[in-house]
Each structure stands twice: as structure tokens, then as C-alpha cells.
Amino acid sequence: MKNLFASALALVMGLSASTHAHHPFLAPLSYQTFNNHTALLAGFYDNPFVSEVAIKNFRFHYHNPQGKKTYLEDSAFAQTQTLSSFSLENKIDGTYRIRGEKQASSSRFVLDGKTWKPIIAAQFDPAKANDKVFYAQHLNKNSQVKTLQTLEIIETFVSRRATSNHVIDHIHDGFDLQFVTHPNAIKTAQAIQFNILDHKKGVAEVEAHILAQTTDFSREHKVVKTVKSNAKGELHFKLEQAGQYLLSIDYQQPFSQQGDQLKRYKYTLAFNVTQ
């Protein structure tokens with residue numbers, strides 16, 4: 001009961017806040033390459049790119065520059081306690097898109113007056129009642145309830161000898177980024193545009209954090225820039241330093257959306273910036 005209550009409070013304190021210490025990522029050792037194979041690393045980090053736990057419970061696939069989709073079996077990964085890795089065969093010139101997806105936690109919310117509150121199974125105690133949550137025992141047949149399913153997505157791109165647009169032009173159903181700027185062709189001080197989409201429509205006022213690779217002893221996240229999508233769902237930003245970055249987005253479909261099944265997407269893109 002204590003764990004349920006703590007989880008509910010974490011949701012109330014802000015859906016953009018992480019409910020666990022480690023965050024997943026997927027990144028290649030080289031984003032631009034002339035080799036036939038590229039090592040890709042995946043894991044859970046506190047500091048960006050510093051994996052502390054091997055990846056698990058993600059389903060991976062990649063598209064080659066011609067658009068062919070290949071699923072990766074768990075056996076394709078080499079596992080250590082702290083890191084997962086696999087070898088991407090990239091013998092065709094152009095850009096490859098590699099993506100991992102995980103169905104995570106599911107929570108229920110009820111409309112209490114004008115406020116959506118998380119439903120908890122704890123026994124109601126008037127002496128310890130919390131008005132930020134809703135007790136399941138108080139639900140009735142007229143209660144308006146919605147389920148929130150969390151999905152985690154980690155993604156990166158590798159280009160052999162040249163960039164190509166076939167895989168970046170593809171738009172997934174549900175949540176996705178539209179790469180107006182090619183993620184393997186970003187230069188310092190260049191104007192960058194990514195579009196945030198849900199069901200292929202731009203989503204406004206979504207916050208994205210850009211984190212730099214850790215280079216010191218600190219355990220704090222290295223957020224170098226925070227940007228928010230405009231009315232069309234566009235993210236516009238520049239990065240002044242060359243290096244490797246993570247772009248992190250935590251987006252929940254609004255309760256005002258029709259239907260009783262909602263999604264929360266936690267998305268991470270690994271990319272680099274060159275001089």
C-alpha cells in the first residue's frame with residue numbers, strides 16, 4: 001500500500017518528473033561512419049551516456065536506408081551488468097534509424113470535481129486522507145475514469161558515408177519526432193528544427209531537455225538547453241558546442257482528449273553535433 005501511495009504522489013507532483021532514478025538511452029559509438037558495422041550501446045543512466053545498468057524489457061528494430069525493417073532478438077545483444085551492446089550491419093550507404101520501445105507502467109485517474117486524480121487501492125483512513133489522490137473504494141458507476149499507459153522510446157541514427165532521408169521522412173503512429181533537420185548532419189550554431197507529433201499532428205507547448213555528455217564527477221543532469229514546441233509543434237534551437245547529446249521529452253496526452261485510454265510518452269534521442 002505504501003508503494004502505491006508513493007507512486008500516486010509522484011504522479012501528482014508532476015508527470016514530467018521521473019519516477020525512477022535511471023533513464024534509458026541508445027547511442028552508437030560513431031554517428032557518421034565509413035565502416036560496414038557499427039557498435040551501438042544501450043543502458044540506463046543517471047549521467048548522460050554513462051550507463052550503469054544494462055538495458056532490459058525493450059523491443060528493438062531498425063530501418064536501413066532503403067526502408068527495410070529488421071527486428072532485433074535479445075540474443076543480438078551482448079550484456080554486462082552495466083551495459084548492453086550490439087553490432088549494426090550498415091553495409092548500405094545512407095542513414096539507418098534504430099529504435100527501442102517499451103511498454104511501462106499503467107495508472108488510472110478519475111475526474112473528481114474538476115480535477116483528475118490518480119486512483120490508489122489503499123484503504124481510506126479519514127485521519128490520513130490525502131486530497132491529491134482518489135481512493136478506489138469511493139468509485140461508483142458514474143465515475144469518469146481514464147487509463148494512462150506509459151510508453152518509453154529510445155532512438156538514434158547512423159549514417160554510412162552520406163546522409164539520406166528515407167528513414168527520417170517516415171512518421172510513426174502515436175508519438176514521434178519529425179526531423180526537419182537531419183539528425184546526422186547537425187553543425188555547431190546551426191538552426192535546428194524538430195517537430196513534435198502525436199497521431200501525425202503537431203503538439204504545442206511540449207518541453208524538451210537537451211543534455212550533454214558527462215565530463216566531470218557530478219551526478220546532476222547536464223541540461224544545456226530547455227526548449228518548448230510552438231503552436232505548430234516545432235522545436236527550434238541551436239547548439240554552440242560540438243559533442244554528443246540526448247534530447248529528452250516527456251509528453252502526456254491531455255485528459256481533455258476523447259476516449260478513456262491515454263498515453264504518456266517518454267522519448268530519448270541520442271545525436272551528435274560536429275564543427
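How many positive and how many negative side chains does the protein have, and how far apart do the centres of the two sets lie? The protein has 30 positive side chains (Lys and Arg) and 24 negative ones (Asp and Glu), with His and the chain ends not counted, and the centres of the two sets lie 2 Å apart, each charge being placed at NZ of Lys, CZ of Arg, CG of Asp or CD of Glu.

This is a predicted model, in which local features need pLDDT of at least 70 and side-chain atom pairs count only at pLDDT 80 or more, whereas totals for chains, interfaces and linings use all residues. Residues are numbered from 1 along each chain as its sequence is written, and side-chain values use heavy atoms, with hydrogens and water left out.

View 1. Helices (H or I, at least four residues) and strands (E, at least two) are DSSP runs, numbered from the N terminus. Along the principal axes, the C-alpha atoms fill a box of roughly 65 × 40 × 35 Å. Of the 275 residues, 47% count as buried, where buried means under 20% relative accessible area, exposed over 50% and partly exposed in between (1.4 Å probe, protein chains only).

**View 2. The largest nonpolar core, a set of 30 residues.** A nonpolar core is a set of buried Ala, Val, Leu, Ile, Met, Phe, Trp, Tyr and Cys residues joined through side-chain atoms within 4.5 Å. The residues with the most contacts inside this core are Leu177, Phe194, Leu247, Ile249, Leu269 and Phe271. Elements giving two or more residues to it include strand S12 (145–160), helix H2 (166–169), strand S13 (175–179) and strand S20 (261–273), and S20 supplies the largest share, five residues. In soluble globular proteins, nonpolar side chains tend to be buried together.

**View 3. His22, in the loop between helix H1 (2–12) and strand S1 (23–28).** His22 counts as partly exposed, at 23% relative accessibility. Not counting residues up to four places away in sequence, His22 touches Phe44, Tyr45, Asp46, Glu52 and Val53. Gly67 is 45 residues from His22 along the chain, and their C-alpha atoms are separated by 32 Å.

**View 4. Leu211, in strand S16.** The relative accessible area of Leu211 is 3%, so Leu211 is buried. Although Leu211 and Pro24 are 187 residues apart in sequence, they are 13 Å apart in space, C-alpha to C-alpha.

**View 5. Asn57 and Glu205, two loop residues with positive phi.** Asn57 lies in the loop between strand S4 (51–54) and strand S5 (59–63), and has a phi of about 70 degrees although it is not a glycine. Its relative accessible area is 58%, so Asn57 is exposed. Glu205, also not a glycine, has a phi of about 60 degrees and lies in the loop between strand S15 (201–202) and S16. With a relative accessible area of 57%, Glu205 is exposed.

Note on methods:
Contact = heavy atoms within 4.5 Å.
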